[in-house]
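Hello,

Here is the structure I said I would pass on. My notes follow below it.

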Amino acid sequence: MSIKTYLDSRPSIKRLVHWMLIPTGQARPRLWVSWFVNPFIHKKHRSAAIRANVRMDVLPFNAFTLGAHSTIESFSVVNNGVGDVTIGEHCTVGIGSVVIGPVTIGSDVIIAQHVVMSGLNHVYEDVTLPIHRQPVTTRPIVIEEECWIGANAVITAGVTIGKHSVVAGGSVVTKDVPPYSVVGGNPARVLKQYDAASGLWQKPSIAAAL
């Protein structure tokens with residue numbers, strides 16, 4: 001029996017362990033967890049950099065991985081409380097961005113400033129309870145290799161951004177983005193796609209006609 005299964009079957013012990021890891025009502029782990037537990041569990045390549053002002057709300061019961069030559073810039077927030085966060089090699093998470101798992105980011109990805117990607121949603125349907133007391137749901141976000149996510153973009157839960165795609169600044173992405181596409185707007189829509197036959201980036205209607 002795994003530790004997670006054991007704790008799930010014993011709610012009182014699970015509550016105690018949770019309190020030991022995280023102060024009540026908070027998302028940030030206790031200092032002893034950040035100093036003495038996380039460094040031995042999470043995988044950060046020696047060439048990767050996490051700037052001093054980054055808020056790392058990462059806990060030992062979910063994965064956090066940062067690949068070689070990747071950087072998380074200042075004032076960003078990374079949270080794996082409800083799902084794994086995996087960042088590949090040669091990636092940049094720009095200043096002030098927010099990454100809430102479950103999120104998987106492939107290699108060679110540029111994430112500009114103030115981008116928000118959250119695999120978490122709050123349940124709200126029960127009108128007899130405040131929303132913050134209702135359960136949360138998760139759907140993984142996947143950013144495939146070689147993508148560029150523009151400043152102030154929002155990537156919602158369950159979305160996959162296909163390889164070598166561009167999300168224009170300020171976009172709200174609510175649906176999957178095909179590989180080799182440029183999307184923009186709120187909600188984001190495809191503006192261009194790479195057409196292998198012509199070797200050009202075309203508007204969707206033109207590409208479809210070829």
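I72 has V93 as its bridge partner in β8. That pairing belongs to β5 (residues 71–72) and β8 (residues 92–93), two parallel strands joined by two bridges. Bear in mind that this is a predicted model.

Both strands sit in an open, mixed sheet of nine, ordered β2-β5-β8-β11-β16-β19-β21-β22-β23. The edges are β2 (49–50) and β23 (200–202); each has a single partner strand, so one side of each lacks a neighbour in the sheet.

Next, H42. Its place is the loop between α4 (38–41) and β1 (43–44). Is H42 buried or exposed? Buried: the relative accessible area is 12%, and the cut-off for buried is under 20%. Beyond four places in sequence, H42 contacts V58, L59, P60, N62, A63, F64 and N80. The H42 side chain reaches the backbone oxygen of L59 at 3.0 Å. A63 is 21 residues from H42 in sequence, yet their C-alpha atoms are 6.3 Å apart.

Now the pockets. The largest holds about 1,100 Å³. Its lining has 30 residues, with H18, I22, L59, F61 and G81 nearest the centre. α2 gives the most to that lining, seven residues. By class, the lining of the largest pocket is 16 nonpolar, ten polar and four charged.

The second largest pocket holds about 420 Å³. Of its 18 lining residues, S34, N38, I50, M56 and V58 are closest to the centre. α3 supplies the largest share, three residues. The classes in this second lining are ten nonpolar, three polar and five charged.

Best wishes

Key
Residues numbered from 1 in each chain as written. Predicted model: local features only at pLDDT ≥ 70, side-chain atom pairs only at ≥ 80, totals over all residues. Heavy atoms only, no water. Pairing = 2+ DSSP bridges. Helix = DSSP H or I, 4+ residues; strand = E, 2+ residues; numbered from the N terminus. Buried < 20%, exposed > 50% of the residue type's maximum accessible area, 1.4 Å probe, protein only. Contact = heavy atoms within 4.5 Å. Polar contact = N/O pair within 3.5 Å; in protein donor to acceptor, adjacent residues only side chain to side chain. 1 Å grid on protein atoms, 1.4 Å probe; cavity = no way out; pocket = protein on both sides within 12 Å on 5 of 7 lines; lining within 4 Å. Points joined across faces, edges and corners; volume = space filled by probe spheres on them. Nonpolar A, V, L, I, M, F, W, Y, C, P; charged D, E, K, R; others polar.
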